[in-house]
Amino acid sequence: MILETKNLEFSYPDGTKAIDDISITIPEGKKVSFVGKNGSGKSTLFLLLNGTLKPKSGKVLFGGKEVNYSASGLRELRKKVGIVFQNSDDQLFAPTVYQDIAFGPLNLGYSKEEIERVVNQMLDHFGLQSLKDKPPHHLSGGQKKRVAIAGVLAMDPDIIILDEPLSNLDPVGADEILDILNELNGLGKTIIISTHDVDLAYQWSDYVYLLSSSKLINEGTPGFVFSNDEEVRNSALKSPFILDVYRELEKRWLAPGNAQPKDIPELVQLLRSIDLMRVEAGPEIEVGGCVNLGVLFGEFAKDGLYEAVNSRVLFKNDDGTAVVELNRRVLKPGAIYVYDMDSFDKDEFDKIIEEYDIDHIGAMGKKSKDIAENEGINVVCNSGVIDKSILNAITGSRCLIITSKGMVSHTAKRIREYIRNSGIRLVFGPVGKGATEIDSAGKEEGKEE
């Protein structure tokens, strides 16, 4: 456990109790959400976790050691535990973006050369080079948030804490910040966020803590925490939208029970639709028997090629036909490939598009989107990229996700999980000279006919 609290208590000078006997344990390398309505204690807890506030009683431990509240002890803690405030204006104060990002490394005693190297690395990574000489308060909300995260990351902390990271951002800006958080987690950083957005917590997190009235109400996987409707409602929150939709489908017998889909592809996979067809039936075909209808295409399968095997006969008509319930199997699904834009080469990229017959390109991360725009790459999807690529590949499309190193592993994990859980053998793999083998499981999950 990289970060822990034991029986933590904190009250403000006016007597308001903000944290009431909270004990948590946070594993290294995980994505953790603290969920609760405004005033539930999330922000105060975060200030305790990085030593900005000192608890009235209880302990905060980093790496198994109790926090030392001396000046040197706190300086060491904040090198390891960086915090990004909800309002970026509370964090950005230097005359320029460059100076703001350089502030942390400067205070840690980095040399001039090292500061320049680190800051330029952050500017490149977050797509901020063109803004480096601008005053931070002239930037948009999404740009300010990227500068604030870059300033924290410049100190290379093990843990990054973000208080309501998507507040006041438009959908595109929110997607960019989520891409950054997923990328940082893919690079090994422990990411902790606070939010009252239950949909974000449910879909994004590995682990969730539910807070209400300064107390810890529940904790566990997102599915476990949000399956307790009463606790969620009593905390002045609501169920995640995708769970509400699933439960309505379950009530109508359109989906199996006891599932917890976290995204659209998982939900679609659970749908239990009745697929009927009238077919010619010989006298040997009996009600309840199975027939193989071969390959369906055209007007019978407008979104791809399917093989209807073991389709069950429900009813026989006097005219020699039968009504069958189809059991369709995807005959040849499409493909999803991943290209690492950190090693972008225009000639190589164009060759990949032609060689792999790509017809759907999605871009993840600010850097990838900027390169695509500058190079005239026809990106058709820049939000919800993984889900939309899966849905397109199921119906035969050949998709390319362009992203950068930290997101390659995250993307691969999500797609492999879908392939494994759905049984649909999509072709998948990294492409291009920059897409090195991710791990021993980096081989394609499917093979082309």
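Glutamate 9 and lysine 17 form a salt bridge, their closest N and O atoms sitting 2.9 Å apart. A salt bridge here is a side-chain nitrogen of Lys or Arg within 4 Å of a carboxyl oxygen of Asp or Glu. The general idea is simple: side chains of opposite charge can pair when their charged atoms come close. Glutamate 9 is buried, at a relative accessible area of 16%, while lysine 17 is partly exposed, at 40%. (Buried means under 20% relative accessible area, exposed means over 50%, and partly exposed is in between, using a 1.4 Å probe and protein chains only.) The pair also belongs to a network of salt bridges that links Glu9, Lys17, Asp20 and Lys215.

All of this comes from a predicted model, in which local features need pLDDT of at least 70, side-chain atom pairs count only at pLDDT 80 or more, and totals for chains, interfaces and linings use all residues. Residues are numbered from 1 along each chain as its sequence is written, and side-chain values use heavy atoms, with hydrogens and water left out.

By the rule above, the salt bridges come to 18. One of them joins aspartate 158 to lysine 80, with 3.9 Å between the closest N and O atoms. This pair ties together distant parts of the chain, 78 residues apart: aspartate 158 is in the loop between helix 5 and strand 7, and lysine 80 is in helix 2. (Helices, H or I with at least four residues, and strands, E with at least two, are DSSP runs numbered from the N terminus.) Both ends count as partly exposed, aspartate 158 at 27% relative accessibility and lysine 80 at 30%. Lysine 251 and glutamate 248 make another salt bridge, with their closest N and O atoms 3.2 Å apart. These two are three residues apart in helix 10 (residues 241–251), so about one helical turn separates them. Lysine 251 is exposed, at 59%, whereas glutamate 248 is partly exposed, at 35%.

Six strands make up an open sheet in the order 6-7-8-3-9-10, with mixed pairing. Strand 6 (81–84) and strand 10 (215–220) stand at the edges with a single partner strand each, so one side of each has no neighbour in the sheet. From one strand to the next, the twist averages 20°. Two strands pair if DSSP finds at least two bridges between them. Strand 3 (residues 31–35) and strand 8 (residues 190–195) run parallel and are joined by five bridges; valine 32, for instance, has isoleucine 192 in strand 8 as its bridge partner.

Two helices lie across strand 6 and strand 7 (159–163): helix 2 (residues 71–80) runs at about 70° to strand 6, and helix 5 (residues 141–153) at about 170° to strand 6. Axes are lines fitted to C-alpha atoms, for helices over the stretch in contact (heavy atoms within 4.5 Å), and angles run from 0 to 180 degrees between N-to-C directions.

How confident is the predictor? pLDDT is its confidence in each residue, from 0 to 100. The chain has a mean pLDDT of 85, and 92% of its residues reach 70 or more. Among the elements of the chain, strand 3 has the highest mean pLDDT (95) and strand 14 (residues 301–308) the lowest (66). Over residues 438–449, pLDDT stays under 50.

How values were computed
pLDDT is the predictor's confidence in each residue, from 0 to 100.
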